[in-house]
Amino acid sequence: MPTSAREQKEQINSLQDPFARNSLRGAYHVRKYALLYVCGMLGALALAVFPAVNGSGGSSLPGVPGSSSVAAGSGPGSASSGSSGSGGSGLSSGGSSVGASTGGVSNGAVASGGGSSVGGGASGGGGTGGSVASGPVGTVRAGTGVTRGGTTCGSGVRQIPFSAYADNCVAKFSGNNGGTTARGVTASTITMAVRQYSDATGANSLATQAEVEAAGGVSYATSYGYDQSIVKWMNSQFELYGRQVKLDMFTGQGSSTNEALGQGQAQACADADTEANSIHAFGGINWSGIFESEPFSACAARYQLDVPEGAAYYPEAFYQSWNPYVWGITMNCTLISLEVGEWVGKQLGPYPTKWAASDGVVPLNGKQRKFATYVPNNQGYQECTQAALGVEENQYHIAKSREDEYNYALDIATFPQDAQKAIIQFAANDDTTVVLACDPISPIFMTQDAVQQNYYPEWALIGVAETDTDSYGQLWDSKAITGHLFGLSQLAATSAILNPTGEAGQALKAAGVPLNISSATDYFELLSMFNQLQAAGPDLTAANIAAATPSIPAGTGEFGTWNFGHAHTDIVDSRQIYWDASTTSPVDGKPGTYIQIYNGQRFQLGQFPTSQPPYYP
Amino acid sequence: MTEALAATAQRLQGARAALARRPAGRALVWAVAALVAWAVLAAVLKHGAPTGIMLSGLVLGAINALIALSIVLVYRANRVLNFAAADLGAVAAILAIELHIKYHLNYFLAVGAGLVAAALIGGLVETLVLRRFSNAPRLIVAVITLGVGQILNALSIIIPVVWSNGSNSGTFNTPFTVTFRVFPVLFNGNYIAALVVVPLVMVGLTWFLRYTNYGVAIRAAADNGDRARLLGVPVKRLSTVVWIMAGVMSALAALLRVPILGFVSFGSVSGNSAPLLFETLTAAVIAGLTSMPTAVVAAIGLGIVDQLGAWTFQNAAYVYLTQLVVVLVALLLRRERLTRAVDAGITTWQAIRQIRPIPPELANRRPVRLASSGLRLAILTFALCIPLFETPAHTQLASIILLYSIVAASLVILTAWAGHISLGHIAFMGFGSAVTGILVANHGLNVFLALAAGMAVTAVLALLLGIPALRFGSGPYLAVVTLGLAVVANGYFFLPQYFPWLIPANEVPKNPLFGRLSIANDSEMYYFCLIVLVLTLVAVRGLRNSHAGRAMISSNDNRQATQSFAISTTRVQLMAFAISGALAGLAGGLYVILEQGFNSGDYAPENGIYFFLMVVIGGLGSLPGAVLGAVFVYGAQYLLPSGYGTLVTGGGVVFILMFIPGGLGEVFFNIRDYLLRAYAARNHLYVPSLVADVRQAQAPPAARPTAAEDNEDEAEDAALAGISISGETILLADTRQALGVGQPS
């Protein structure tokens, strides 16, 4: 039997009879393309037989009807939060819910502050279409009665009375909570998945964990034990309308190393899939320190999972695109950039350099400040940097010629090379002030390179990515930063949150958890999550969380001022700090710590003073 | 006047030609050309080309040259592309640095200890691991080096953690305190150490290779390993020496680089990354993997481009782009072809054991046909049932494995048939994702049309890249160009701020197929991917049996013979690359729909190297083997419990390949052949192709011809050469016997 096309052709041509020739040609053709025809027929059959779906692009979530999302605070009835302690709190129980909640009852969110009565009900997201407990949903009484923790509720009283940040108090709830209002929510539980990275015991994870422990923290396993105790305690304090938060840990496919570098989205999405479709969780937190990565946050939004501590330091626009699912404590970088713009515009730009030394050739002190921003070249951070530069140029008239920039690759393997090139560039350009809009590892190389180049500029922190923590400051070249490193920090002063009589100290004592940097941080992160769960009301859905979040009252305490407003992150103010190499850190007992100025006063946007800050008094 | 000018010009041209004929003259011509290029760049570039930047580039390029040299050395000795070149000295360097920082050991003692450790590690890697693969296909050995690199990299991260609890914040500087400034760089002892040490190492290496017995033997073995072996050169021992040298050079590079660029205790000093691999491998490849001086010059050139690019653009993204453009231009300008010896070496390097089809004597037998069809049916049934017994998350990951299987099929076309290696197929996948994603998300285009557009764009891109890289027919140029593309794509093209019109910012919807068939949930998407994979495999198999497929294979097997049939091998290989790129683009298009979004991090260049590992482990000799590789590598990571993921990383890969050096595909086909043999024996069928290799293996040693009988000329050469190491003449006993030569005195 001829196998090649040529042999077939020869055989066909060898036939004299046209009919036989055509028949043979046809037979060969059918043999060659039979599979294609079969597939085509199967496709046509499938088209005819299979049920049609609408063309809107369905949800990938079984059991989640619709995929509508709700912009935070965009619905009618969303409330502007009252200032801390002001007025009583009101409640709307389903009074003004909007949209058709296909997933169950839309009961309206609990709103508080200023006595306003608001409804935050919204449609869709997070609903499951599951069962709804029969009977009317019970009434939520905010600002009156006695809380389930035993506190007498009143105007300005928080759910946790000693907390500056807890949601306004709600009287102990009784009655029907609506049952299964969303996936992962039943009449008695709210399931939150806890994702452990697949490489939790890998080399990079061990290295990171060693860093955490060296910085006064504890291992992730111990930290998770703390989380369980804190959650148990918060379950007893917060009003979750008959429900309890249940943590359900699983080992995922995601890799901490990959996700930290913005990679591994396939595995991150698989983990989100597991949380949504296998664990059937309402949301999720991370085993290694609660907050989740950017790849996971993006996937979680697609799987309609609530992520109370999502990717940190991203632009608000990113959170908007993930609305109403991804939230966080740490200030979004849009707000950071606006504050940095104001700080630079008011307090640094107008004044000559004071805390620099030389660029290796000429002295830098006393010269007009010229800023050099070191920033990753990925989209989110670039957006924020450009926003800051825009503020400096447009509002404070800092000339473009006074702004230098180096965009580096967010790849840990190339950090050393990029740092070396940037420092040479900055020194050559006589930049007086290097703005660290970067990860905390790069300054290790930058400061070493600066010393090599005999370049001693001012190093200006903007507080992103834990650059404002003692443990990282101690890794930077001491010679380069001593007397030269200062800036903004949105985090809490460590000494404040480690104060046994402070909020974290009291809460952790009540929860039976030792006070350290890991447990204190976890406390505040879980507090933010419980605030949202309470504020959403009995009809717990992601949409209702989004609707109710703006109504969580602002509060100022040892972790700065929290005020979600219509944003997706809590913290809204910054303190100012400088590096003191001679003082021992209260975090890890090693030399070198950040000292705050203005007695720890924090500044919100529009509040920065106009004088040069008193760093290194 | 005109005549005088013409005469002068002619004289100058003659002088230049005369100069270019001598090595020193060639160097002078190149030096003058470099100076002219520098002057032009200084005039053209925005910030000029200051001497300090050029010198800084020279220093860092020279350090990279040590790694490039080690790649060349190992390649010449073993025909192995050493992906662990940068990592080989990492552990030793970290030991030296820790000794200096933690225990305040004298700098020179610490460096000395590090270099001794590097030599030990290099030697151990060769004797314990690589020697076991002396007869394995070279691609397998290249993958072994990837595994070894990963092990060493992990160790270099763990050691400081264990040793210093991750809190080591000291600096590692040379003790030299001299400084001088060449604008804009202040050069201190660290730079000066590199400036002094690297040339010394190069001179020492040259001396070693030229004037020592070992060096001469290494060069002899490098030029023609088989011939050297015939001449009695102990190639294995030399291989150990070469790996020791590679380890030392790698450690030296790290120990010179860390003082200049800085040290972080929990990071690897090797800087193991695709950009470093790109720079060093490119230098080695520009040198044709043979010429050490060219490798050094190329590495220095790339170092200068790197520094000058950063100085000009102040943006890492543009630096990568500049480097890729320079490499493409360098390849376009490259005139000389590879020598026949090198060409042969590369062919050996690429040699892949092709899997034979079922012998025709058995193929049409009913039991064989039934077994074959049954196996296919069983595999298909298993694949169809996965969503029924797996979780949705695992089903989603299984879909991704199917997509990687498409990539594996695309690499079979390129590597197994056309004989070229791609380390950057991840970039094609990324471009396919971007184009498909943007068309579906932003323009609402039909899924199939968007996928087709993605394939078309990646095919055109492959053609554009292939033109400079495939001009020479063979060689690892394509590997370098594709790796460069992957680095640039990830660091530039896939960043939305630079290409907002290319990168989908919004969610990519899973629009129903034909407006009717839903692919919204994990199972539906899985079946869609499965159908596409099956169609791809059918199409690839059809291509293999077509005229084009045969031309691809013949262009790799015997280029000259293929050309004698008036077939343009370059065109055929370009076509193979374009088809391969298009299939990777198809996989990327499906990936972006599956994930419903584009995340540039997913297309990191390291993943492209992983593809290479995937197909080699599976077995490139056959389509099923490559697909098996994808299933194994990603299945172990995605579908098995978390601990099993280590099977396909570092130690796991080395461990697996130690027992099955031919890859998983070979095991599969060995079992098939065993069963076929048993069937043939039971039915008294004589199938020569099945038993020939068994008989060959069972033949008594005495029956085999001696080396001398094989080639009398070679034996005479051996007697005449009398190469001696350590005073002992090392002619093979066989050779001596054949020539009637007595014991050497």
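These legends walk you through several close-up views of a predicted model.

**Figure 1. Chain B as a whole, with its helices and strands.** The secondary structure of chain B consists of 32 helices and four strands. Of its 745 residues, 53% are buried.

**Figure 2. Confidence along chain B.** Which elements of chain B have the lowest and the highest mean pLDDT? The lowest, 38, belongs to strand E4 (residues 728-729) of chain B, while the highest, 95, belongs to helix H18 (residues 425-441) of chain B. Two stretches deserve a careful eye. Over residues 345-350 of chain B, pLDDT stays under 50, and the model has eleven contacts beyond four places in sequence for them. Residues 701-745 of chain B also stay under 50, with 54 such contacts in the model. For the model, the scores are ipTM 0.80 and pTM 0.79.

**Figure 3. Helices H17 and H26 of chain B packed together.** Helix H17 (residues 392-417) of chain B meets helix H26 (residues 623-638) of chain B at an angle of about 145°, and their axes are 8 Å apart. The crossing of H17(B) and H26(B) is right-handed. On the H17(B) side, residues making the contact include Leu397(B), Ile400(B), Tyr404(B) and Val412(B). On the H26(B) side, look for Leu623(B), Val627(B), Tyr634(B) and Tyr638(B), among others. Sorted by class, this contact between H17(B) and H26(B) has 15 nonpolar, three polar and no charged residues.

**Figure 4. Helices H9 and H10 of chain A side by side.** Now move over to chain A. Helix H9 (residues 333-348) of chain A and helix H10 (residues 379-394) of chain A pack at about 30°, with 8 Å between their axes. Because of that angle, H9(A) is roughly parallel to H10(A). Their crossing is right-handed. Among the residues that meet are Cys333(A), Ile336(A), Val340(A) and Glu342(A) in H9(A), and Tyr381(A), Cys384(A), Ala388(A) and Glu392(A) in H10(A). By class, the contact of H9(A) with H10(A) has ten nonpolar, six polar and two charged residues.

Figure 5. Why is helix H7 (residues 294-302) of chain A described as largely enclosed by the rest of the structure? Nine of its nine residues are buried, so the rest of the structure largely encloses it. The buried residues of H7(A) include Glu294(A), Phe296(A), Cys299(A) and Arg302(A). Their cover includes helix H5 (256-260), helix H6 (265-278) and strand E3 (283-286) of chain A. Just after H7(A), you can find Gln304(A), which takes a positive phi of about 55°.

**Figure 6. Val231 of chain A and its contacts.** Is Val231(A) buried or exposed? Val231(A) counts as buried because it has 22 C-beta neighbours inside 10 Å, and the cut-off for buried is 20 or more. Leaving aside residues up to four places away in sequence, Val231(A) touches Val245(A), Leu247(A) and Leu526(A). From C-alpha to C-alpha, Val231(A) and Leu305(A) are 19 Å apart in space, and they are 74 residues apart in sequence.

Methods: Residues are numbered from 1 along each chain as its sequence is written. Chains are lettered from A and ligands numbered from 1 in the order in which they are written. This is a predicted model: local features need pLDDT of at least 70, side-chain atom pairs count only at pLDDT 80 or more; totals for chains, interfaces and linings use all residues. pLDDT is the predictor's confidence in each residue, from 0 to 100. Helices (H or I, at least four residues) and strands (E, at least two) are DSSP runs, numbered from the N terminus. Two residues are in contact if their C-beta atoms, placed from the backbone, lie within 7 Å. A residue is buried if 20 or more other C-beta atoms lie within 10 Å of its own, exposed if 12 or fewer, and partly exposed in between; C-beta atoms are placed from the backbone. Axes are lines fitted to C-alpha atoms, for helices over the stretch in contact, and angles run from 0 to 180 degrees between N-to-C directions. A crossing is left-handed if the near helix is turned anticlockwise from the far one by less than a right angle, and right-handed if clockwise. Ala, Val, Leu, Ile, Met, Phe, Trp, Tyr, Cys and Pro count as nonpolar, Asp, Glu, Lys and Arg as charged, and the others, Gly among them, as polar. Angles under 35 degrees count as roughly parallel, over 145 as roughly antiparallel, 65 to 115 as roughly perpendicular and the rest as oblique.
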